[in-house]
Amino acid sequence: MLGISGASGAVLTEATVRALQDLDIPLEVVCSDYGALMWHQETDERFSDAATRWSARGRVTMHRPQDVAAPISSGSYPTRGMAIVPCSMATVGAIASGAGQNLLHRAADVTLKEKRRLVVVPRETPLSLIHLRNLTSLAEAGAVILPPDPAFYLRPDSVEAIVDALAERILYAVGVTPRVAEAHAWTD
C-alpha cells in the first residue's frame, strides 16, 4: 500500500510509484485531501490525473480518503505493508495517537496492528518535541521512520539521482526490492 499525505514530496512519491511499477507490484493507493492539494501545488498536475497515469501503466487501485470501509481498512486484507510518502506531521500524530480520521490513518493503523511493515517518510524540519515523541511512538509500535535524507556518499549528480536513491531505500525498507527478495527468498 502507498499512502500520500499533505506534506511536500510529490517528486519522491512519483519516484516510489515508478519503482514499484517497474517491479510489477500491484498498488493500493490512498491520498489525503491535503496530499492531493500539495500534489497539485508541487507538480501543476491534478492528483486525479496522476492516478489515471499510474493506472494506465500498471496495477493500481485508488481509494478515496473518506472511504473508511475500503478493503485496505481491514486487517484481513492481505498486504505486504505500507509506505507513507510523504508523511505529514499531522498524519504522524493521528497514527501515533490511534485517533485517525480517514482511510490513510486507518490503513496505517491496521498495518501496525497486523505487524506488517509500515514505512513513514516524514517531511518536516525542524522537528518539535511533539513531532519527535509521535515519531518515537510509531517506531516503538514497529514503524520504520525513514526521513528523506540524501545519501551524499553516493555522489549523486542530479536531484533525480537523489530522489531515485531515496525511492529505492523506501522500497528496501518495505521489503519489495529485488535485493531483499534474493536475501530472503522464503518471503513474498
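Reader: Where does Pro150 lie?
Author: Pro150 lies in the loop between strand S6 and helix H7 (159-174). Helices (H or I, at least four residues) and strands (E, at least two) are DSSP runs, numbered from the N terminus. This is a predicted model: local features need pLDDT of at least 70, side-chain atom pairs count only at pLDDT 80 or more, and totals for chains, interfaces and linings use all residues. Residues are numbered from 1 along each chain as its sequence is written, and side-chain values use heavy atoms, with hydrogens and water left out.

Reader: What does Pro150 touch?
Author: Ile162 and Leu166, not counting residues up to four places away in sequence. Contact means heavy atoms within 4.5 Å.

Reader: And how far apart are Pro150 and Ala165 in space?
Author: 7.9 Å, C-alpha to C-alpha, and 15 residues apart in sequence.

Reader: Switching to the sheet. What is the strand order?
Author: S3-S2-S1-S4-S5-S6, an open sheet of 6 strands with parallel pairing. Strands pair if DSSP finds at least two bridges between them.

Reader: Which strands stand at the edges?
Author: S3 (60-63) and S6 (144-145). Each has a single partner strand, so one side of each is left without a neighbour in the sheet.

Reader: How many bridges join S5 to S6?
Author: 2, and S5 (residues 117-122) runs parallel to S6. In S6, Ile145 is the bridge partner of Val120.

Reader: Last one, where does Leu132 lie?
Author: In helix H6 (residues 129-140). Leu132 is partly exposed, at 40% relative accessible area.

Notes:
Buried means under 20% relative accessible area, exposed over 50%, partly exposed in between (1.4 Å probe, protein chains only).
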